[in-house]
Amino acid sequence: MTQPDTAPKKRTHEKDHLVSVRSCVRGCILGAAMFSVGAPAAAATKAIKAGRLVDATGKVVRNAVIVVDNDRIVSVGTGAPPAGAEIIDLSRFSVIPGLIDLHTHMTYYWDRTPGTRPLAQPRRPAGVTVALAADNARRTLETGVTTVRDLGASNETDYAMRDLINMGRMVGPRMFVAGQGLSAPRDGAPKPDYRQLAEARVTAGSDWVKVYGSRGSYQSVDTTQTLTYDEMKAAVDAAHAKSRPVAIHSYGPSGVKDAVRAGADSIEHGIDLDDETIAEMARRGTVWVPTIDHNRYYVDAKDEFGFAPDTIPPLKAYIEKNLESTRRAFKAGVKIGMGSDAVYTMFGQNTRELEWFVKAGMTPAQALATATTIPAALLGHGQDLGTIAPGYFADLVAVEGDPLADITAVVNRVRWVMKGGTVVVDRTGAGRAGKAGPAGQADYPSRPVR
């Protein structure tokens, strides 16, 4: 998603050192902290009773007990909770790993003021943008997404959000950020040195480098390629030399082909992919984030954005081409990742992409993998994110129903979310139920899921 002029203008997880926020956003941290709620301190040991534990392999453990110490999972089994542990009774629900959204724009906020539109808002100071975007972070957590890769923000506002969340001064998903994306110059300006631009992004504090390889954004489905293969390769090589991965945006097939050849770690969007490109993606292990649902969102939100009627049929046609390319790529063995491309009022709809993946031929378990194990590996966190297992972060989501039978259980029926051992969403009505007794027995009757 290209940042409009009218819009408000490999980091590891929490235990990594925080990047110093540059002078233009030093006020962001103070401003946002005043408007956000710090994450509550996590109790040392919790035991979560899950009626059904489900992971992306399709494995199911009934009446599971997940023991969490601080921010990590200690054990997963079916025995009694440890003595003295705080019990969280989710025996009426299915528990899945915390989900990962690979493509967001968390700082794109619209307050829905009458007479305004998302793309025609007055500019705000960076600190105000960060504080307001806390609402986008909250809505994202409510979908069960506990980690995001944020692919484009100006004025280092995404750096500030990431660091505030890591500091516990803002409640939100774990963020891997890219800062300002690299794009073709406008209005006849001379071509920049993309190697230098990529190095500057890394120096500024980006976890990822985002490159715009084509047009296409909002109501536009223009697939025109805007960067050459050599320009993409220069950016990719420079980022990789600094140990930073690269995501390349391309709406059309030529840009996708060149992005894959240039060594991009992930490709965003794309239609009409040819067999050669698909085969090369599968061979290289390139992750494709098709973002099918984001154009559905623009169709549904056309009145909010004020899109002209003649822009809607091309959006619908693009969706069908996007879906067909996803179907072919998945069948060929390409790794597919869930990315919403959420902006403005799309936060809270982050996981609807999963329904498109099932339409593309995936089983619900395979669709779940696009939001857990595949993105965790892409982010370099395959050993602590995306799975419910000892040593992993305690990112857990309780849903009503069986997600292996119906993926809409994940999309529409999230009832409880834990991120890093802290409960951040509880719509169960009774998520906590006392302490385990001396023998490790809970002081309530277990109700297995049906």
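1. Let's start with the hairpin of E1 and E2: five residues lie between its strands, and Gly-58 takes a positive phi near 90 degrees. This is a predicted model, in which local features need pLDDT of at least 70, side-chain atom pairs count only at pLDDT 80 or more, and totals for chains, interfaces and linings use all residues. Residues are numbered from 1 along each chain as its sequence is written, and side-chain values use heavy atoms, with hydrogens and water left out. Strands (E, at least two residues) and helices (H or I, at least four) are DSSP runs, numbered from the N terminus.

2. Two strands count as paired if DSSP finds at least two bridges between them. Within this pairing, Lys-49 stands opposite Val-65 in E2.

3. E2 also pairs with strand E3 (residues 72–77), again in the antiparallel sense, over five bridges. Here Val-67 faces Ser-75 in E3. The hairpin of E2 and E3 has two residues between its strands, and Asn-70 in the turn has a positive phi of about 55 degrees.

4. Now for the parallel sheet. Five strands in the order E8-E9-E10-E11-E12 make an open sheet with parallel pairing. Strand E8 (209–212) and strand E12 (335–336) stand at the edges, each with a single partner strand, so one side of each is left without a neighbour in the sheet. As a reminder, strands of a sheet pair through backbone hydrogen bonds, either parallel or antiparallel.

5. Helix H5 (residues 229–241) lies across E8 and E9, running at about 160 degrees to E9. Axes are lines fitted to C-alpha atoms, for helices over the stretch in contact, and angles run from 0 to 180 degrees between N-to-C directions.

6. Which residues of H2 meet H3? Ala-126, Thr-129, Val-130, Ala-133 and Ala-137 in H2 meet Thr-157, Ala-160, Met-161 and Leu-164 in H3, where contact means heavy atoms within 4.5 Å. The axes of H2 (residues 126–142) and H3 (residues 157–167) come within 10 Å and cross at roughly 55 degrees. That makes H2 oblique to H3. On this scale, angles under 35 degrees count as roughly parallel, over 145 as roughly antiparallel, 65 to 115 as roughly perpendicular, and the rest as oblique. The crossing of H2 past H3 is right-handed; a crossing is right-handed if the near helix is turned clockwise from the far one by less than a right angle, and left-handed if anticlockwise.

7. Helices H6 (residues 253–262) and H7 (residues 275–284) are a second pair to look at: their axes come within 10 Å and cross at roughly 30 degrees. That makes H6 roughly parallel to H7, and H6 passes H7 in a left-handed crossing. On the H6 side, Val-256, Lys-257, Val-260 and Arg-261 meet Glu-276, Thr-277, Glu-280, Met-281 and Arg-284 in H7.

8. On to the charged side chains. A salt bridge is a side-chain nitrogen of Lys or Arg within 4 Å of a carboxyl oxygen of Asp or Glu, and by this rule the count comes to 24. Arg-415 and Glu-400 form one, with their closest N and O atoms 3.0 Å apart. Arg-415 lies in strand E14 (residues 414–419) and Glu-400 in the loop between strand E13 (396–399) and helix H14 (408–412), so the pair ties together parts that are 15 residues apart in sequence. Arg-415 is partly exposed at 21% relative accessibility, and Glu-400 is partly exposed at 32%; buried means under 20% relative accessible area, exposed over 50%, and partly exposed in between (1.4 Å probe, protein chains only).

9. Two further pairs are worth a look. Arg-215 and Asp-222 meet in a salt bridge (3.4 Å, N to O), with Arg-215 partly exposed at 46% and Asp-222 partly exposed at 26%. Arg-413 and Asp-406 form another, their closest N and O atoms being 3.6 Å apart. Salt bridges also link Asp-135, Arg-138, Arg-139, Glu-142 and Arg-427 in a network.

10. Finally, is Thr-345 buried or exposed? Thr-345 is buried, with a relative accessible area of 9%. Thr-345 is found in the loop between E12 and helix H11 (353–359). Leaving aside its neighbours within four places in sequence, Thr-345 is in contact with Trp-110, Arg-112, Tyr-297 and Glu-304.
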